[in-house]
Amino acid sequence: MEPPVKSEITTTLTNRQARLSQGEFYTPSALCDFMLALATQQASPSRLLEPACGAGIFLERAAAQARGLNTPHVQLVGIEQNPAALEIAKSQLAVHKLPSVTLDLRPGNFLALTPQTLGNFDLIIGNPPYIRPEIDKSGTQEDKKNRLIYYRRLFEAYLREFPQQDKLFSQKADLYQWFFIHACGLLKPRGTLAFVVSNSWLDSVFGQYFRHFLWHHFDWLYLVESACERWFPDAAIHPVIVILQKKEKPGNNADNVPECQWLRLYRPLRQLLPSTNQPDYWQALATQVQALCGQAAESETVQEGVNRQAISNSQPWPQSIHCNLYLRGPQALLALYQQYQRWKPLSAVGTIRYPLKTGINQFFYLSHAQAAQWRIEPEFLIPVMRSSKKLKGLMVRSEDLKEFLFCCPYRKVELERMDKQGALAYVLWGEQQSATPRQKRNQPVPWPQVKSVRYNQPAWYVQKPLPTAHILCNRFVDQRFFFALCQGAFIEDQTFYGLTLHKPARHLPAFIAALLNSTICCSLLAYLGRGSLGEGVLQFARCDLDHFPIPDPDLYAHTEQTELIAAFEALSEIPVGPWAATWNHPARVHLDHLVLRRLLAQKGQPAPAEDDVERLRQELGESILQRLRERQQMARNRSGKN
């Protein structure tokens with residue numbers, strides 16, 4: 001019988017807030033066991049390393065696995081810079097003294113230790129911290145600079161072959177990225193790397209360089225994520241298990257490399273794995289994991305609750321900008337996306353601009369009543385769209401907006417000379433106000449001295465006006481999927497990005513809005529958004545939208561563009577509601593058929609049947625519903641709701 005797991009006491013090592021500030025999220029034992037079983041399917045390691053080991057949960061479970069499977073000699077090495085955690089690790093592992101297990105626990109920073117100090121390993125497994133290096137207090141700026149130099153030298157052959165990948169070695173990269181890079185140099189050829197980390201590098205464009213590095217140096221064996229359970233309830237991220245095997249030679253893909261298996265779990269781990277109370281727990285776990293991964297013959301151990309997808313390692317799919325589609329996207333969407341000649345990145349159609357950030361919203365944004373109270377002259381008030389909750393339809397009209405941006409380009413002496421008493425009084429009032437303490441600002445700061453406005457010219461209250469964009473792109477996607485057409489003169493707040501078209505006379509804004517609001521583009525929104533925030537809401541960075549795929553506008557003849565504009569105008573009369581309530585509306589169905597009919601059309605072939613078009617539309621729409629259900633389930637799981 002497997003002894004009770006004691007490592008859960010690691011949550012008491014430090015207070016919760018201190019742990020979160022250091023990115024420390026201790027690993028549940030079920031997750032450790034699952035990762036060990038995945039990583040040791042081919043062979044048992046003779047040397048195993050857990051970097052940033054905390055209280056040594058992976059080491060403890062590896063020792064238990066060695067005992068349960070009667071593994072020949074294995075050396076377990078742990079590195080930890082928190083003295084309290086290291087002492088608990090020593091105490092926890094003391095009960096696992098076996099002739100076949102050698103324990104080596106060392107204090108220190110894993111990233112500062114070299115292969116000459118540690119040697120090489122068959123398996124490196126763990127849960128790296130989830131923080132940015134710039135907020136990591138464990139090293140000086142000089143340490144971090146030297147680390148970048150060290151890694152560049154270590155992988156100079158890689159950079160000679162791919163010089164553009166120098167962006168990989170940035171101080172702004174998440175700390176777990178450095179754990180992967182450092183572990184690469186510590187693994188033996190064909191050694192295994194098993195980490196559980198945030199999935200942000202799979203969700204976004206910025207991870208493209210990192211994915212390329214991993215593809216160049218490793219064969220990808222497994223990527224695993226849960227669609228129903230939060231493995232780290234305290235962490236506002238979605239984790240993914242990554243199992244990689246170091247190549248004999250970087251960049252070389254052997255003929256016998258297995259396909260990468262992408263596993264999505266629809267039941268909690270404890271329900272998928274055998275009971276820890278049974279006497280042959282580790283043997284049963286190994287059998288069960290093989291069955292879940294589809295590597296065993298069909299048997300009673302195969303359970304529902306796991307979706308498997310095999311992806312070939314012979315193609316460099318991890319370095320694709322939209323890697324996420326290969327992993328999570330429905331096959332119908334992926335098949336269309338792979339017809340690259342039919343798509344354009346949104347940056348080829350227009351420019352995505354950064355949203356307006358005033359620095360002091362309490363001053364710069366006014367309601368209609370506040371503007372009237374101060375008698376501010378209309379020339380200094382620009383309508384502003386601040387919240388997607390106030391979006392009624394797919395057209396935003398300036399006359400419907402009830403909030404304004406105070407946008408005054410004059411100094412106080414000029415306002416007085418021009419007899420602009422309303423604006424002058426408002427500025428004088430603002431200079432008497434202070435920003436409340438928050439985050440790094442410990443004391444109240446007068447508004448004119450707030451860092452984000454004090455360098456404005458010619459005065460602190462002067463905001464540079466932006467021209468009205470053609471289309472508003474939603475930065476945060478939840479239940480509603482939309483791109484809103486702009487009508488009239490107004491600007492957008494940081495809830496949105498503004499899209500300004502390169503050739504609005506050739507491709508009318510309403511036509512581009514029609515393409516973007518089609519179900520296929522909504523499906524792309526659902527699968528390409530960053531889910532690492534962990535709250536069920538997807539986020540898009542500007543670079544993500546720059547690369548966002550849109551059906552090539554030039555595919556559509558002039559008459560088709562005219563039809564699409566009319567279809568969009570009909571759709572814009574419908575309130576922008578949750579996807580579940582609106583995706584089968586006749587107006588959307590009509591627009592979708594116009595968009596998809598052209599995307600499916602093959603040169604020299606008859607037009608696609610309407611039944612085929614509708615079948616594809618239904619598949620895409622339902623895939624969005626499934627994605628929404630998964631996100632909602634994960635958000636409820638974090639909040640503690642059932």
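1. Start with the largest nonpolar core, which takes in 173 residues. The members that touch the most others are Phe180, Trp201, Ile241, Ile520 and Phe548. Bear in mind that this is a predicted model.

2. Phe180 is a handy place to look first. Setting aside neighbours within four places in sequence, Phe180 is in contact with Leu193, Phe195, Val197, Phe210, Leu214, Val242 and Leu244.

3. Next, a helix pair. Helix α2 (residues 29-39) packs against helix α12 (residues 281-292) at an angle of about 65 degrees, and their axes are 9 Å apart. Angles of 65 to 115 degrees count as roughly perpendicular, so α2 is roughly perpendicular to α12. The crossing of α2 past α12 is right-handed.

4. As for who meets whom, α2 brings Asp33, Phe34, Ala37 and Leu38, while α12 brings Tyr281, Trp282, Leu285 and Val289. Sorted by class, that contact has 7 nonpolar residues, 1 charged and no polar ones.

5. Last, have a look at Leu628, which sits in helix α26 (residues 610-639). Its relative accessible area is 4%; buried means under 20%, so Leu628 is buried. Leu628 and Val537 are 91 residues apart in sequence, and their C-alpha atoms are 9.5 Å apart in space.

Definitions and conventions:
Residues are numbered from 1 along each chain as its sequence is written. This is a predicted model: local features need pLDDT of at least 70, side-chain atom pairs count only at pLDDT 80 or more; totals for chains, interfaces and linings use all residues. Side-chain values use heavy atoms; hydrogens and water are left out. A nonpolar core is a set of buried Ala, Val, Leu, Ile, Met, Phe, Trp, Tyr and Cys residues joined through side-chain atoms within 4.5 Å. Buried means under 20% relative accessible area, exposed over 50%, partly exposed in between (1.4 Å probe, protein chains only). Contact means heavy atoms within 4.5 Å. Axes are lines fitted to C-alpha atoms, for helices over the stretch in contact, and angles run from 0 to 180 degrees between N-to-C directions. Helices (H or I, at least four residues) and strands (E, at least two) are DSSP runs, numbered from the N terminus. Angles under 35 degrees count as roughly parallel, over 145 as roughly antiparallel, 65 to 115 as roughly perpendicular and the rest as oblique. A crossing is left-handed if the near helix is turned anticlockwise from the far one by less than a right angle, and right-handed if clockwise. Ala, Val, Leu, Ile, Met, Phe, Trp, Tyr, Cys and Pro count as nonpolar, Asp, Glu, Lys and Arg as charged, and the others, Gly among them, as polar.
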